Amino acid sequence: MLTWLVLARARWRRLTCRIAVRLFLSYLVIGVTPFLLAAALAFVTGYMLIGQYASARFRATVAGKYDRLARLASAACEGNLAQAREVLEDGRREAVKRG
């Protein structure tokens, strides 16, 4: 293992012994790195925005379901079966509408 590292280092030093090669590698790193960092930043920002959108949408869906269940429980506790059926029918129509 150590011999491979020594050989790799010797090979790297032999390839980069000239100033022109070192300058080329430096300019390549300086030229490419900002684009890679900007792409990574754009990806992370997009990922966070998608997460926020999904969270808000999920929260609204859960709130709607909670309100429907609260009305259904209230109607069941009061013994008002007509209102309970109406709440269930509204839920069925909404589910059919969403597909």
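## Helix packing

In this predicted model, the axes of helix H2 (residues 19–78) and helix H3 (residues 81–98) come within 8 Å and cross at roughly 155 degrees. Angles over 145 degrees count as roughly antiparallel, so H2 is roughly antiparallel to H3. The crossing of the two helices is left-handed.

Which residues of H2 and H3 make the contact? H2 supplies Thr61, Arg68, Arg71, Leu72, Ala75 and Glu78. H3 supplies Gln83, Ala84, Val87, Leu88, Gly91, Glu94 and Arg98. By class, the contact holds 5 nonpolar, 3 polar and 5 charged residues.

## Fold and overall shape

The chain has 3 helices and 0 strands. Along the sequence, the pattern reads α-α-α.

How does the chain compare with a compact globule of 99 residues? Such a globule would have a radius of gyration near 13 Å. The chain has 32 Å. Along the principal axes, its C-alpha atoms fill a box of roughly 90 × 35 × 20 Å.

## Confidence

The mean pLDDT of the chain is 84. Of its residues, 99% reach 70 or more.

Where in the chain is confidence lowest, and where is it highest? The lowest is in H3, at a mean of 77. The highest is in H2, at 88. The H2 and H3 contact described above therefore pairs two helices that cross roughly antiparallel.

Note on methods
Residues numbered from 1 in each chain as written. Predicted model: local features only at pLDDT ≥ 70, side-chain atom pairs only at ≥ 80, totals over all residues. Heavy atoms only, no water. Axes fitted to C-alpha atoms, helices over the stretch in contact; angles between N-to-C directions. Helix = DSSP H or I, 4+ residues; strand = E, 2+ residues; numbered from the N terminus. Parallel < 35°, antiparallel > 145°, perpendicular 65-115°, else oblique. Left-handed = near helix turned anticlockwise from the far one by under 90°. Contact = heavy atoms within 4.5 Å. Nonpolar A, V, L, I, M, F, W, Y, C, P; charged D, E, K, R; others polar. pLDDT = per-residue confidence, 0-100. Rg over C-alpha atoms; globule rule 2.2 N^0.38 Å.
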